[in-house]
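Here is a quick tour of one model, meant to be read with the viewer open. Have a look around first, then follow along.

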Amino acid sequence: MVIPTLIMFGLALIFSLMAYSKGQHIQGFKAGYLMTAQTLPLLLFAFLMAGMVQVLLPPDIVSKWIGEGSGFRGILLGTVAGACTPGGPYVSLPIVAGLLRSGAGTGTMVAFMTGWSLWSFNRLPMEVALIGWRLTLIRFLSVLIFPPMAGLLALGLAKIIR
């Protein structure tokens, strides 16, 4: 976690110096502050939820339903849970991290992330409104099998890569 933080610090410093040289650093700081103010509450609640998942879900239940031994049932649960998870990666990734720490399986969490990315039920109404029901349906049907397939593939790879 230290290396990515240092990289982001370095990039922010370089971009700040570039903006300063053009006299636009104040605008950049204001824009960054506004994004932080808008996103920070969501991040806090996502991390709080991830922490609560670790505390509230007993490891034996997590293991039974979505652990390494849960098989295809766990992969399907992960897929649907991911598809139902609202928000961006700042919401879904802390949830995945919390579930992994509670004993969730690799295949299930890959299915979760792939379901969140490709199915995203909360995005479907916007897709229909903007690009129409036909293209939305074609897109959804085109990716329907990928989250469970990705979960199964990850399950197999997790056995090989230890």
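Is Ser 120 buried or exposed? Ser 120 is buried, as its relative accessible area of 7% falls under the 20% cut-off. Keep in mind that this is a predicted model.

Ser 120 sits in the loop that links helix H6 (106-118) to helix H7 (124-131). Its phi is near 30°, which is a positive value in a residue other than glycine. For context, most residues other than glycine have a negative phi.

## The overall picture

The protein chain is helical throughout its list of elements: nine helices and zero strands. Going along the sequence, that reads α-α-α-α-α-α-α-α-α.

What about the dimensions? The C-alpha trace of the protein chain spans about 55 × 45 × 30 Å along its principal axes. The radius of gyration is 19 Å, while a compact globule of 162 residues would come out near 15 Å. Of those 162 residues, 28% count as buried. The protein chain exposes about 10,800 Å², and 77% of that comes from carbon and sulfur atoms. Even so, if you take contacts with a separation of 6 or more, 74% of them are between residues 24 or more positions apart.

## Helix H2 and its bend

Helix H2 covers residues 25-56, and its 32 residues should span 46 Å at 1.5 Å a residue; the end C-alpha atoms are 45 Å apart, so the two agree. H2 is not straight, though: there is a bend of about 40° at Thr 39, with a proline, Pro 41, following within four residues.

Further along H2, you'll find Ala 46, Ala 50 and Val 53 buried. Why might spacing like this turn up in a helix? An α-helix has 3.6 residues a turn, so residues three or four places apart point the same way. Helix H5 (89-101) is among the things that cover the buried residues of H2.

Leu 13 and Ala 46 are 33 residues apart in sequence, and their C-alpha atoms are 28 Å apart in space. Leu 13 is partly exposed, with a relative accessible area of 42%, whereas Ala 46 is buried.

## Two nonpolar cores

The largest nonpolar core has ten residues: Val 53, Val 62, Ile 66, Val 91, Ile 95, Val 96, Leu 99, Ala 104, Met 109 and Phe 112. Helix H3 (59-66), H5 and H6 each give two or more residues to this core, and H5 gives the most, with four. Val 53 of H2 belongs to it as well.

Leaving out residues up to four places away in sequence, Phe 112 touches Gly 78, Thr 79, Ala 81, Gly 82, Thr 85, Ser 92, Ile 95 and Val 96. There is also a second, separate core of five residues, with Trp 119, Leu 124, Phe 140 and Val 143 among them.

## Another buried serine

Which residues does Ser 102 contact, leaving aside its neighbours within four places in sequence? The partners are Val 53, Gln 54, Pro 59 and Val 62. Ser 102 lies in the loop between H5 and H6, and it is buried, with a relative accessible area of 6%. Two of its partners, Val 53 and Val 62, are also members of the ten-residue core.

Technical notes
Residues are numbered from 1 along each chain as its sequence is written. This is a predicted model: local features need pLDDT of at least 70, side-chain atom pairs count only at pLDDT 80 or more; totals for chains, interfaces and linings use all residues. Side-chain values use heavy atoms; hydrogens and water are left out. The expected span of a helix is 1.5 Å times one less than its number of residues. The bend at a residue is the angle between axes fitted to the seven residues ending there and the seven starting there. Buried means under 20% relative accessible area, exposed over 50%, partly exposed in between (1.4 Å probe, protein chains only). Contact means heavy atoms within 4.5 Å. The radius of gyration is taken over C-alpha atoms; the globule rule is 2.2 Å times the number of residues to the power 0.38. Accessible areas come from the Shrake-Rupley method with a 1.4 Å probe; for residues, only the protein chains shown count as cover. A nonpolar core is a set of buried Ala, Val, Leu, Ile, Met, Phe, Trp, Tyr and Cys residues joined through side-chain atoms within 4.5 Å.
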